[in-house]
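Here are my notes on this one, point by point. Have the viewer open while you read, and start with the strand pairing.

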Amino acid sequence: MFDKQVLQELSTIVGKQHVLTQPEDLVAYSYDGTFTEQRPEAVVRPNTTEQVSQVMQVACRRDIKVVPRGMASGLAAGSIPLEDSIVLDLCRMNRILEIDELNFTTTVEAGVITQDLADAVARKGFFYPPDPSSIKQSTLGGNAACNAGGPRCLKYGVTGDYVLGLTVVLADGRVLRTGGKAIKNVSGYNLTQLFVGSEGTLGVITELVLKLISLPKAARTAKAVFPRLADASRCVNSILTAGITPATIELMDETTIATIEEAMHLGLPLDVEAMLIIEADGMDEKAVVDEIETIAAICHKTGARDVEVARNEQERTALWSARRSISPSLARRAPNKLGEDISVPRSAIPDAVAAIKEISRKHQIPIAIFGHAGDGNLHPNILFDKRDPDQVARTHKAAADLFRVAVQLGGTLSGEHGVGTLKKPYLESDIGPIAMDVMRSVRRALDPRGILNPGKILD
Ligand SMILES: Cc1cc2nc3c(=O)[nH]c(=O)nc-3n(C[C@H](O)[C@H](O)[C@H](O)COP(=O)(O)OP(=O)(O)OC[C@H]3O[C@@H](n4cnc5c(N)ncnc54)[C@H](O)[C@@H]3O)c2cc1C
């Protein structure tokens, strides 16, 4: 238990009403997007970088563990508190500080919701492309801390590709500013990208300078169903080797299609092994129409049974509805899911899918497979009930097998969700002992007392 003086000091910094210790508040901060949970000792809700700095100074002086948190939509248990920790909730810091139209940049606080920024810049004709499917919930600080991806990263890249500069509060409370609005910057180590993907273990991100691009003027979407999944995979490679880079190529396997159909009754075919949702976009409407037509022709040629191209915005929304329905549909099929995000070389997708189906059979546990086929990032979701210890044990064994398969196929444990605690036991099998050692050294250098998000990524 923290002594009264600690709580008093924290209250003086952020205001009494922003230090939460009541059980009902702590319960609300004990979850993230996974099935794990743990209550913290207290929640602190700062409003400025200066307040974050002062909170970290108290934590450092008193050896208190601090768990940074955005909207807790994370899927690696990275923002799950420790019992004797403070949760540092960044959501009050939700101001868009600047949209610099000349330099194509925006400066934001860490707690801005991703969709809010995308909407704000779109109103001025700009595009912020990173689009995790949690875009309406996640924060930009959380996106940078996890280096979030999303459907559009095939063409546009991941969050890290848009982070030009950061304000980071270090474990001892010092405020570090990295990068800035300059596009080119090689002055010293790339500290900005060191903090991208560090999952709250190296510093607390409080502000971000983000790159913007011009808003595409046109988009066209197609849906293609494939009796054979191997053909869907061949189709993805044929599109890309034809020199076309669609904005998105999303894959859903037969288990995912059946789960969506059962929950949503969208009229999806139940006798096919795979479905692709492909979107082309760009500045020139005619070029985009030509591109989607070429894509549709490639789908037919590589074994698609039906290809539907949306003719207007309403039809486009309808085609995307299947993809958007995945999460709520899975929730109806089983009370809990372990949403993994292995990433493999694109050419290995058929082997990865076959291996995942075998893992599902071996452990007798349903696994729905969907994901960003264009960049080889698959989301095998293991469906289970955490009240049943046997199902939990089989889920963990299946996850271990998934990671082994990803690494064997030349891929990696995580394409976008991060390591958190859930993938920590498997990290060394992916990156090797020397990389683990280097990461430990970096962490020790920045946080010698080990107070920032301990137990996440590395011990
Ligand atoms: C339905 C659903 C769909 C999703 N789809 C995608 C997807 O398509 N692509 C994808 O990449 N992810 C996806 N995610 C995962 C998740 O939304 C992302 O990882 C997101 O970036 C987390 O943002 P957050 O604000 O919720 O962070 P949190 O969950 O609160 O935190 C995540 C990690 O970042 C750290 N952190 C948070 N804020 C800060 C900060 N300001 N400074 C330092 N560390 C910080 C935390 O300590 C934790 O380790 C999905 C999640 C859900 C529930």
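**Notes on the model**

1. Val108 stands opposite Leu208 in strand 10. That pair belongs to the contact between strand 6 and strand 10, which run antiparallel and are joined by 5 bridges. Strands here are DSSP E runs of at least two residues, helices are H or I runs of at least four, and both are numbered from the N terminus. Two strands pair if DSSP finds at least two bridges between them.

2. Some ground rules before going on. This is a predicted model, in which local features need pLDDT of at least 70 and side-chain atom pairs count only at pLDDT 80 or more, while totals for chains, interfaces and linings use all residues. Residues are numbered from 1 along each chain as its sequence is written, and side-chain values use heavy atoms, with hydrogens and water left out.

3. Back to strand 6, which covers residues 105-109: 5 of its 5 residues are buried. Buried means under 20% relative accessible area, exposed means over 50%, and partly exposed is in between (1.4 Å probe, protein chains only). Thr105, Thr107 and Glu109 point one way from the strand, Thr106 and Val108 point the other way, and all are buried.

4. Strand 6 also pairs with strand 5 (residues 96-100), in the antiparallel sense over 4 bridges. Here Ile99 has Thr106 as its bridge partner. The hairpin of these two strands has 4 residues between them, and Phe104 takes a positive phi near 55° there.

5. Now the ligand. Which residues come nearest to the ligand? They are Pro68, Gly70, Ser73, Ser134 and Thr139, out of 34 residues around it. A residue is near a molecule or strand if one of its heavy atoms lies within 4 Å of it. By class the shell has 12 nonpolar, 19 polar and 3 charged residues.

6. Where does the shell come from? Strand 3 (65-69), helix 5 (140-146) and strand 10 (204-211) each supply at least two residues. Helix 5 gives the largest share, 5 residues.

7. The side chain of Ser73 has an N or O atom 2.6 Å from an oxygen atom of the ligand. For the side chain of Asn143, the corresponding N or O to ligand oxygen distance is 2.9 Å. Gly149 uses its backbone: an N or O atom there lies 2.9 Å from a ligand oxygen. The ligand has 970 Å² of accessible area on its own, and the protein covers 93% of it. Areas come from the Shrake-Rupley method with a 1.4 Å probe; for residues, only the protein chains shown count as cover.

8. With a relative accessible area of 13%, Ala72 is buried. Asn453, in the segment after helix 16 (433-446), is another non-glycine residue with positive phi, near 45°. Asn453 is buried at 1% relative accessible area.

9. Elsewhere, strand 12 (residues 218-226) has 8 of its 9 residues buried. Strand 12 pairs antiparallel with strand 14 (residues 274-282) over 9 bridges, with Ala218 opposite Gly282. Strand 12 also pairs antiparallel with strand 15 (residues 306-309), over 4 bridges; Val225 and Asp306 are bridge partners there.

10. There is also an open sheet of 4 strands, in the order 1-2-4-3 with mixed pairing. Strand 1 (19-20) and strand 3 are its edges, each pairing on one side only. Inside it, strand 2 (residues 42-44) and strand 4 (residues 85-89) pair in the parallel sense over 3 bridges, and Val43 stands opposite Val87.

11. Finally, the whole chain: 16 helices and 18 strands. Its radius of gyration is 22 Å, close to the 23 Å that the globule rule gives for 459 residues, so the chain is as compact as a globular protein of that length. The radius is taken over C-alpha atoms, and the rule is 2.2 Å times the number of residues to the power 0.38. Of the 459 residues, 55% count as buried.

Notes: Polar contact = N/O pair within 3.5 Å; in protein donor to acceptor, adjacent residues only side chain to side chain. Nonpolar A, V, L, I, M, F, W, Y, C, P; charged D, E, K, R; others polar.
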